Amino acid sequence: MSNKFTENKAQAIMKAKCPRCRSGKMFSHKAYDLKNFTLMNKTCPVCGLEFEIEPGFFWGAMYVSYFVSVGIAILSAVALYFMFNDPDAWFYVATIIALIIILSPLSYRYSRVWMLYMFSPIKFDKKLSNQLQ
Ligand SMILES: [Zn+2]
């Protein structure tokens, strides 16, 4: 993946790009690099934005990640109900726990990305983006 500038906000979120330039990556490793998936770039490699805009900013991401997990649980419960014709309770519990664990690198990342896009005053600045790369 290149550092290409992403104009579309939804795509920039999907690719975990810096909210200011939408060019630099927020994370230095891939989501399923399990030793390193929590490592975040301190600053944007393209525009230099400090991602943790204030100390403890990403504590709030824990709440976002909680709601993401609840969302995963509800959606998978509904899917299991219809796919397996209301299976036993243990099957719901086991499947949902497994899904939440499997998806945790993604929910960890996206809760931080969403935090920055939704709860910070940072605005997209086209001039800072790396359009030539
Ligand atoms: Zn940036």
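Let's start with Cys44: leaving aside neighbours within four places in sequence, Cys44 is in contact with Cys18, Arg20, Cys21, Gly24, Leu49 and Phe51. By contact I mean that the two C-beta atoms, placed from the backbone, lie within 7 Å. Please keep in mind that this is a predicted model, where local features need pLDDT of at least 70, side-chain atom pairs count only at pLDDT 80 or more, and totals for chains, interfaces and linings use all residues. Residues are numbered from 1 along each chain as its sequence is written.

Where does Leu49 lie? You'll find Leu49 in the loop between helix 1 (9-14) and helix 2 (60-83); helices here are DSSP runs of H or I, at least four residues, numbered from the N terminus. Not counting residues up to four places away in sequence, Leu49 touches Cys18, Arg20, Thr43, Cys44 and Ile122. Is Leu49 buried or exposed? Leu49 counts as buried because it has 21 C-beta neighbours inside 10 Å, and the cut-off for buried is 20 or more other C-beta atoms within 10 Å, with C-beta atoms placed from the backbone.

Both residues belong to the largest nonpolar core, which has twelve residues, including Cys18, Cys44, Leu49, Phe51 and Val68. Such a core is a set of buried Ala, Val, Leu, Ile, Met, Phe, Trp, Tyr and Cys residues joined through C-beta atoms within 7 Å. The largest share of this core, four residues, comes from helix 4.

Zooming out, the chain has four helices and zero strands, and 18% of its 133 residues are buried. Thanks, everyone!

Methods:
Helices (H or I, at least four residues) and strands (E, at least two) are DSSP runs, numbered from the N terminus.
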